[in-house]
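Keep the sequence and the 3D view open, and try each task before you read its solution.

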Amino acid sequence: MGFPEFVIVIASIMALNPLAMDMMLPALPNIGAAFKIPVENHLQLVLSTFLIGFGAGQFVMGPLSDRFGRRPVLLGGMAVYAVASVLAVVAPSFETLLLARALQGLGTAATRVIATSIVRDCYVGRRMASVMSLAMMIFIAVPVVAPSFGQAVLLVTAWRGIFVVLMLYGLLALAWCVLRLPETLPESKRRSLAPSDVLSAFRQTLTHRQTVGYATAAGSVIGALFAYVFCAQQVFTGIYHLGQYFPLAFAAIAAGTAIAGFLNARLVGRLGMRVISHGALTLYTAVAGVMLLTESLGVLPLALFMVLSALMMFSFGMMVANFTALAMEPQGHIAGTASSLYGSITTLIGIVVGMAIGQSFDGTLLPFSIGFFLSTLAALAIVLVVEKGRLFRPHHRPIS
């Protein structure tokens, strides 16, 4: 497999997750009407249960892939994703739909963990960050088009048709991996599943300052992003009254992340992961402060909200691949387990933060603005602790 195909395959399997998340956004009112859900905020469960399955599943995917190899775990997870999509298509109740969403999340846990592990198997340092950025550029482009794609499906069929599309995409990606993606973990480097070995790998990951620090910081910034996604449909249709134009506004904002992924891939080799990610975190904090200030003063019109949200997405895109690379860099010998723990930590922190902010939605942007600002300050404080008070320093070696 050549380098371009490698990047595209990694991005395509990673894209299963955001596609399953963001295609659902335009369909939430339809789902609420179909199952007679009386409280609008409860529809956010369609998103959050998916993320709970995604976060919890990552705990086991890494150790399994370190023992049995990347391919069997990846293909098994993608098969679970396809079966869960079928269950969602035929779900007779809201509770069954939520179960299907949790299983979809569980399946995509394998795709995210294994994709990161495969990249770490093959690359290190800035080259790893560059590969992750190229994959993330494609991966992040999915949220740009996914709501519009979901809206297009709704124009020709009911909301269940979205799950049919998700199933077909999952099967296509599964077939591509079966035919083209090689095993990247040789037999000689596989690890035992003995409890003592698994716990040892967990301990090595969770006691490494750089790994756990950047995982926690990433979880904090991802929490703000999750909150934005959870509330997006209510904000754009309820506050700004965009109606069916909501996917277009969402896409325009999300494009900032794809642009950031492209720029990061071009710049990280010269500037390094720390310089770029710390600069992006500083911008993220400034954007959060401006959004909170303008919302508190009652002067946050749609145009300004979209500009600030686009800057939020741009800075997030400049952070996420570099935070991942910095966290994973010291863990090459246990890449699968470390990737599992990294994904679980970031996702579960993000879910807790995102749900807390999302469920506090009261018809205004004030709860989101406050949550965005506080979670961003927390991420900045964590990075300062990890880097011992020095930001923007050149990258030399992992911090132990």
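**Exercise 1: A histidine in a loop**

Task: Decide whether His241 is buried or exposed, and find where it lies.

Solution: Start with accessibility: His241 has 63% relative accessibility, so this residue counts as exposed. The cut-offs are under 20% relative accessible area for buried, over 50% for exposed and partly exposed in between, with a 1.4 Å probe and protein chains only. Next, locate His241: it sits in the loop that links helix 10 (209–239) and helix 11 (246–271). Helices here are DSSP runs of H or I with at least four residues, strands are runs of E with at least two, and both are numbered from the N terminus. Finally, look at the backbone: His241 is not a glycine, yet its phi is positive, about 55°.

Before going on, note that this is a predicted model, where local features need pLDDT of at least 70, side-chain atom pairs count only at pLDDT 80 or more, and totals for chains, interfaces and linings use all residues. Residues are numbered from 1 along each chain as its sequence is written, and side-chain values use heavy atoms, leaving out hydrogens and water.

**Exercise 2: A lysine after a helix**

Task: Describe the place, the backbone and the accessibility of Lys388.

Solution: First, Lys388 belongs to the segment after helix 15. Second, Lys388 has a positive phi of about 55° without being a glycine. Third, its relative accessibility is 62%, so Lys388 counts as exposed.

**Exercise 3: A serine inside a helix**

Task: Which residues does Ser375 touch, not counting residues up to four places away in sequence?

Solution: Begin with the location: Ser375 is part of helix 15 (residues 366–386). With a relative accessible area of 7%, Ser375 is buried. Now list the partners: Ser375 touches Ser220, Ala224 and Val353, where contact means heavy atoms within 4.5 Å.

**Exercise 4: The whole protein**

Task: How many helices and strands are there, and what percentage of the residues counts as buried?

Solution: Counting the elements gives 15 helices and zero strands. Of the 400 residues, 58% count as buried. Cys177 is buried at 2% relative accessibility, and Cys231 is buried at 3%. A search of the whole structure for disulfides (cysteine sulfur atoms within 2.5 Å) finds zero. To finish, look at contacts between residues at least 6 apart in sequence: 86% of them join residues at least 24 apart.
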